[in-house]
Amino acid sequence: LFQSFESTLDTWGGLYNADWKELVSNDDNLGRDFGFTYGIKQGETYYLVAKPLDDSLYGRYTVYAHIK
């Protein structure tokens, strides 16, 4: 489970594999914040990208990853 919380921005998040193929992405799971669940595999490489939906904005936000 990956989520963005405590943001004053409208955030977007995406998960990519080692070849930078998008596996899942989300813009508005909980209001302005992104959130998604994806079953990752042990030993694989993944990249999490989190950014403001509007590329002209910037600010602080917190991203949480819960891996079981």
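A residue counts as buried under 20% relative accessible area, as exposed over 50%, and as partly exposed in between. The model discussed here is predicted. Its protein chain has six strands and zero helices, and 26% of its 68 residues count as buried.

**Overall fold and surface**

- Along the sequence, the protein chain reads as β-β-β-β-β-β.
- When contacts between residues at least 6 apart in sequence are considered, 59% of them join residues at least 24 apart.

**The three-stranded sheet**

- Three strands form an open sheet in the order S3-S2-S5, and their pairing is antiparallel.
- Strand S3 (22-26) and strand S5 (46-52) are the edge strands, since each of them pairs on one side only.
- From one strand to the next, the twist averages 15 degrees.
- Strand S2 covers residues 11-17 and pairs with S3 in the antiparallel sense over four bridges.
- Within this part of the sheet, Leu15 lies opposite Val24 of S3.

**Asn17 and its surroundings**

- Asn17 belongs to strand S2.
- The Asn17 side chain reaches the backbone nitrogen of Lys21 at a distance of 2.9 Å.
- Leaving aside residues up to four places away in sequence, Asn17 touches Leu23, Thr45 and Tyr47.

**The salt bridge**

- Side chains of opposite charge can pair when their charged atoms come close.
- The structure contains one salt bridge.
- Lys51 and Asp55 form a salt bridge, with their closest N and O atoms 2.8 Å apart.
- Is Asp55 buried or exposed? Asp55 has 61% relative accessibility and therefore counts as exposed.
- Lys51 has a relative accessible area of 28%, so Lys51 is classed as partly exposed.

Technical notes: Residues are numbered from 1 along each chain as its sequence is written. This is a predicted model: local features need pLDDT of at least 70, side-chain atom pairs count only at pLDDT 80 or more; totals for chains, interfaces and linings use all residues. Side-chain values use heavy atoms; hydrogens and water are left out. A salt bridge is a side-chain nitrogen of Lys or Arg within 4 Å of a carboxyl oxygen of Asp or Glu. Buried means under 20% relative accessible area, exposed over 50%, partly exposed in between (1.4 Å probe, protein chains only). Two strands pair if DSSP finds at least two bridges between them. Helices (H or I, at least four residues) and strands (E, at least two) are DSSP runs, numbered from the N terminus. Axes are lines fitted to C-alpha atoms, for helices over the stretch in contact, and angles run from 0 to 180 degrees between N-to-C directions. Contact means heavy atoms within 4.5 Å. A polar contact is a pair of N or O atoms within 3.5 Å; within protein, one must be able to donate a hydrogen and the other to accept it, and residues adjacent in sequence count only if both atoms are side-chain atoms.
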